[in-house]
Amino acid sequence: MPGHAPPVPAPPTLLEPDLLAADPAGLAEVGRLVTELTREAAAALRRRTGPLPAVTPQELSRLLDSLLPDGPMPRAGGGREAVLALARSYAAHTVDLADPRAAAHLQPPALSVAAAADVLASVFNASVDTWDSGPCAVEIERRVVRSLTDLAGYGPDADGVLTPGGTASNLQALLIARDAALGARRDVRAAGLTGLAAEPVVYCSELAHFSIARACAVLGLGEGAVRPVRTDAAHRMRVDELERALAERRDTEVPIAIVATAGTTDWGSIDPLPELAAVAARHGVRLHVDAAYGGGALFSDRMRPLLAGIEAADTITIDLHKTAWQPAAASALLARDGGDFAPTTGLRVAYLNPDDDGEAGYDGLLGNSMATTRRADALKVAATFLALGREGVGAMLEACHDLARHAADTVAAHPGLELAAPPALTTVVFRYLPRAHGADPDAVNGALRRLLLSRGTALIGRTDVAGSVRLKLTLLNPQATTNDIDELLAAVAAAGSAVEAAA
């Protein structure tokens with residue numbers, strides 16, 4: 001109409017109700033999207049020929065640049081099709097841990113039941129720091145922790161907390177140990193370490209995980225606080241060497257903890273836990289057991305004896321995203337005395353966990369954790385064990401252990417391969433033996449692994465033994481067969497021959 005301004009268009013709707021995952025309509029939308037995403041991923045996987053894409057890092061970078069010309073955060077969204085395109089590309093170019101030729105790292109394929117429960121945890125987005133942020137999640141974690149402490153042989157005073165990984169669990173264990181050991185000298189939490197006359201030290205195997213040294217650095221002790229203890233022929237900490245190190249320490253040195261490893265990364269070796277517990281008791285030093293890898297033996301009647309003595313540890317790390325086949329992340333720190341948590345993380349904040357709420361039973365898990373917001377990771381763990389039982393999960397580890405023993409026997413019988421040691425858990429260390437006179441074994445083994453990577457046909461690990469390159473199979477696929485292992489080792493030998501031929 002003349003004289004009137006044109007109508008102003010309504011602003012675009014930025015948030016439709018079904019975009020909120022926990023709404024009833026949103027839950028239905030999550031189901032549809034998960035179905036579509038997994039269908040696209042399955043189609044992409046069917047076109048795969050190995051555990052890795054047959055691309056170089058440079059090729060993959062260019063591919064993603066073409067898929068995301070405006071980056072992963074464009075000004076305007078592309079809707080459903082943009083998400084499906086990302087899913088197709090991701091599935092086509094990520095690692096496929098369910099492929100029996102994926103055997104490089106302590107990184108298992110996730111169980112379907114755990115992945116499905118993980119989606120539900122994401123939908124409701126509960127946090128376990130306060131009771132009202134996730135009431136059911138809080139109660140489930142408490143029960144998962146209690147089951148784990150019972151399996152470890154702890155008593156009714158034990159407690160624990162789920163963490164993002166073994167590194168975080170080890171850090172918190174050493175935080176507890178630091179404050180306990182230095183508590184008679186200083187309130188370290190309040191005053192820090194500056195000017196402290198004592199020199200805190202931590203004893204661990206020379207094969208201990210690097211997270212022990214990293215934790216010492218983060219805690220202000222410095223990496224130099226680590227006192228590595230030599231290992232024996234079976235790659236286990238030598239008790240006599242530990243005794244010697246403790247006896248010869250300087251007067252200014254204050255032992256913070258002895259850290260035993262139950263499942264070294266390269267060898268799967270388990271330190272002599274009963275003997276180390278006895279040493280720790282004689283010297284009045286806390287014992288922490290890093291069972292991030294080997295802790296899964298708790299679920300197997302056959303393998304549980306490997307962890308004999310673990311019940312004497314003050315704290316234990318166990319990674320459920322290793323030998324319980326959980327989607328990352330799902331680690332746990334267990335403490336024989338639940339009171340250990342209070343001095344270091346027992347924080348009370350008026351807006352989160354006021355005292356009167358706690359007295360009435362409305363307490364979350366903030367007091368046990370170094371984190372505040374923490375997702376309901378216990379849901380997927382509980383779902384897994386409710387579906388499979390401890391026997392089912394334990395049988396999976398036993399199957400992988402059997403595969404490792406078969407792999408070791410096959411390597412030992414192969415004229416072109418050399419076994420480094422019998423497997424203790426599910427890891428097999430070996431190398432290819434070059435046939436050409438004068439060939440550098442280290443160069444050939446490194447190159448054959450990269451050749452397999454570039455082809456995408458097999459994923460194997462590597463490590464060093466006395467400064468020399470070795471190959472490594474970390475077998476965590478319980479559906480793999482002995483034929484799969486034979487084919488994998490044949491691929492290694494063929495790749496070694498190809499590298500030599502191209503030299």
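The model described here is predicted.

At one end of the order, strand 9 pairs with strand 10 (residues 427-432) in the antiparallel sense, over 3 bridges. Within this pairing, Leu-417 has Tyr-432 of strand 10 as its bridge partner.

## Strand 12 and its neighbours

Strand 12 (468-474) is joined to strand 10 by 4 bridges, and the two run antiparallel. Strand 11 (459-465) is likewise antiparallel to strand 12, with 5 bridges between them.

Strand 12 is mostly covered, with 7 of its 7 residues buried. The cover extends to both faces of the strand. On one side lie Ser-468, Arg-470, Lys-472 and Thr-474, and on the other Val-469, Leu-471 and Leu-473, all of them buried. The side that carries Arg-470 and Lys-472 is therefore covered, as is the side that carries Val-469, Leu-471 and Leu-473, because every one of these residues falls under 20% relative accessible area.

## The hairpin turn at Ala-466

Strand 11 and strand 12 form a hairpin with 2 residues between them. Ala-466 lies in the loop that links these strands, and its phi is near 55°, a positive value in a residue other than glycine. In contrast to the buried residues of strand 12, Ala-466 counts as exposed, at 86% relative accessibility.

Strand 8 (residues 331-335) is mostly covered: 5 of its 5 residues are buried. Both faces of the strand are covered, with Ser-331, Leu-333 and Ala-335 on one side and Ala-332 and Leu-334 on the other.

Strand 2 (residues 159-163) runs antiparallel to strand 8 and is joined to it by 5 bridges. Strand 7 (residues 315-319) is also antiparallel to strand 8, again through 5 bridges. Ala-335 takes part in both pairings, as the bridge partner of Asp-159 and as the bridge partner of Thr-315.

Helix 11 (residues 320-323) contains Lys-322. The lysine is buried, with a relative accessible area of 14%, because a residue is classed as buried under 20%. Leaving aside residues up to four places away in sequence, Lys-322 touches Leu-106, Pro-108, Ala-292, Tyr-293 and Leu-476.

The loop between helix 11 and strand 8 includes Ala-329. A cis peptide bond joins Ala-328 and Ala-329, with omega about 10°.

## The chain as a whole

The chain has 16 helices and 12 strands. A compact globule of 503 residues would have a radius of gyration near 23 Å, and the 26 Å of the chain agrees with this. Along the principal axes, the C-alpha atoms fill a box of roughly 100 × 70 × 45 Å. Among contacts between residues at least 6 apart in sequence, 72% join residues at least 24 apart.

Of the 503 residues, 47% count as buried. The chain exposes about 23900 Å², and carbon and sulfur atoms supply 57% of this area. There are 45 positive and 60 negative side chains, and the centres of the two sets lie 4 Å apart.

Terms used:
Residues are numbered from 1 along each chain as its sequence is written. This is a predicted model: local features need pLDDT of at least 70, side-chain atom pairs count only at pLDDT 80 or more; totals for chains, interfaces and linings use all residues. Side-chain values use heavy atoms; hydrogens and water are left out. The radius of gyration is taken over C-alpha atoms; the globule rule is 2.2 Å times the number of residues to the power 0.38. Buried means under 20% relative accessible area, exposed over 50%, partly exposed in between (1.4 Å probe, protein chains only). Contact means heavy atoms within 4.5 Å. Accessible areas come from the Shrake-Rupley method with a 1.4 Å probe; for residues, only the protein chains shown count as cover. Lys and Arg count as positive and Asp and Glu as negative; His and the chain ends are not counted. The place of a charge is taken as NZ of Lys, CZ of Arg, CG of Asp or CD of Glu. Two strands pair if DSSP finds at least two bridges between them.
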